[in-house]
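Here are a few friendly notes to read alongside the model. Have a look at it first, and then we can go through the points one by one.

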Amino acid sequence: MQALSPSPNLKSLIRTRPLVPTHRVAPHRLVVQCVYKSDYSNFSGGVGFSRADWQSSCAILASKVVSQQQDTEKSGNADLTAVNGHKTLDLVPIENLPKPLTITDLSPAPMHGSELRVAYQGVPGAYSEAAAGKAYPNCEAIPCDQFEVAFQAVELWIADRAVLPVENSLGGSIHRNYDLLLRHRLHIVGEVQLPVHHCLLALPGVRKEYLTRVISHPQALAQCEHTLTKLGLNVAREAVDDTAGAAEYVALNNLRDTAAIASARAADLYGLQILADGIQDDSSNVTRFVMLAREPIIPRTDRPFKTSIVFAHDKGTSVLFKVLSAFAFRNISLTKIESRPHRNRPIRLVDDANVGTAKHFEYMFYVDFEASMAEVRAQNALAEVQEFTSFLRVLGSYPMDMTPWCPSGGD
């Protein structure tokens with residue numbers, strides 16, 4: 001896969017700090033300071049905080065970071081441990097790799113006319129980065145430290161697209177991103193399915209019998225459980241935020257008793273060796289990603305399309321059958337249905353008098369169906385669904401991923 005270039009927009013928010021060198025690790029590390037935490041729900045909804053206020057705060061922060069960096073260089077004090085009174089984040093000192101965006105990096109947008117910028121959660125070498133490269137081969141991939149930051153990077157014009165996982169063939173749905181799809185106003189403009197090829201990575205010279213633990217994303221650990229047992233690894237399994245981040249952590253801390261489960265590209269980036277290749281329990285392991293943009297695309301009928309919606313009803317789940325019938329009657333195939341608890345109204349009392357003790361959860365329902373919003377049958381189906389529901393939102397109508405399927409066999 002073609003290497004993706006780093007984002008130029010982080011240069012004004014970084015500084016150097018010496019550390020003990022490790023294998024293929026640069027003599028100075030980059031740190032990004034997160035000094036402001038906002039109320040996500042208020043910010044995304046525009047309540048109590050404007051974009052101008054946000055950009056002003058970030059601009060002030062950026063000038064202070066640059067000023068303190070210059071003062072450090074003049075005084076020769078390269079061991080500054082705080083910016084603006086806050087401790088710095090320990091990010092990986094890997095040369096020439098872009099660093100994940102944090103909340104404080106969501107400041108003025110880059111110049112127009114640059115190549116397509118695609119935000120993803122994780123660090124370079126993550127499967128999300130590979131999905132971004134598959135969806136947009138010549139893009140500039142922008143790593144973000146949280147899913148929430150990837151959404152906001154697009155909303156604030158830091159990125160043109162976001163590529164985020166929504167489900168895995170073994171681990172199921174990524175519920176966090178379903179909740180964020182509802183919280184934010186971005187539109188799904190495409191999908192991409194990426195075969196997942198896991199490798200067991202360790203520092204050069206480390207043998208499997210030396211290992212005492214394996215770290216990775218929780219889903220990656222679950223997807224390799226049986227293979228790890230077959231390899232005779234009686235080790236502790238510990239979860240971290242992402243697969244490439246696990247490889248980064250092993251390299252950064254020179255951990256000779258710890259292995260990471262990540263991609264072969266992560267091994268190349270962080271100077272690790274592959275102890276075992278293709279350790280996923282199922283060779284058909286695949287993750288589905290969606291591409292998000294500020295504006296929807298125009299639906300068409302000249303190729304297979306998929307439409308994603310979310311709906312709810314104030315009378316409970318009894319309406320679900322009527323909604324499904326609206327699609328079945330028009331011969332529209334559903335490819336997914338997912339329920340999530342209704343955050344604003346989680347409990348519904350059974351009794352009409354609302355005095356009983358029997359209660360049910362209220363749900364939001366996410367549905368994907370195979371039809372374009374340009375088709376009359378899809379428009380009529382949603383018109384009927386709207387009669388049964390108290391809330392209905394189209395998350396996007398977009399081309400289906402029609403690339404030929406092949407089991408994971410490496411990057």
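1. Let's start with a pairing: Arg213 has Ala236 as its bridge partner in E12. Strand E12 covers residues 236-239, and four bridges join E12 to E11 in a parallel arrangement. Strands here are DSSP runs (E, at least two residues) and helices are DSSP runs (H or I, at least four residues), numbered from the N terminus; two strands pair if DSSP finds at least two bridges between them.

2. Before going further, please keep in mind that this is a predicted model, in which local features need pLDDT of at least 70 and side-chain atom pairs count only at pLDDT 80 or more, while totals for chains, interfaces and linings use all residues. Residues are numbered from 1 along each chain as its sequence is written, and side-chain values use heavy atoms, with hydrogens and water left out.

3. E11 also runs parallel to E13, with three bridges between them; there, Ile215 is partnered by Ala260 of E13. Arg213 and Ile215 point one way from E11, Val214 and Ser216 the other way, and all are buried (under 20% relative accessible area with a 1.4 Å probe, protein chains only; exposed is over 50%, partly exposed in between).

4. Which residues touch the most other members of the largest nonpolar core? They are Leu200, Leu201, Ala247, Ile261, Tyr270 and Leu272, out of 37 residues. Such a core is a set of buried Ala, Val, Leu, Ile, Met, Phe, Trp, Tyr and Cys residues joined through side-chain atoms within 4.5 Å. Elements giving two or more residues to this core include strand E10 (199-202) and helix H8 (243-253), and H8 gives the most, with five residues.

5. Beyond its neighbours within four places in sequence, Leu201 is in contact (heavy atoms within 4.5 Å) with residues including Ala247, Ala260 and Leu272. A second, separate core of 29 residues includes Cys144, Phe147, Ala153 and Met364.

6. Now to His313, in the loop between strand E16 (305-312) and helix H10 (320-328). Why does His313 count as buried? Because its relative accessibility is 15%. The His313 side chain reaches the backbone oxygen of Phe388 at 2.6 Å.

7. Finally, an open sheet of four strands has the order E17-E20-E16-E21, paired antiparallel. E17 (334-341) and E21 (391-399) are the edge strands, each with a single partner strand, so one side of each has no neighbour in the sheet. Seven bridges join E17 to E20 (residues 363-369), and Lys336 stands opposite Asp368 in E20.

Methods:
A polar contact is a pair of N or O atoms within 3.5 Å; within protein, one must be able to donate a hydrogen and the other to accept it, and residues adjacent in sequence count only if both atoms are side-chain atoms.
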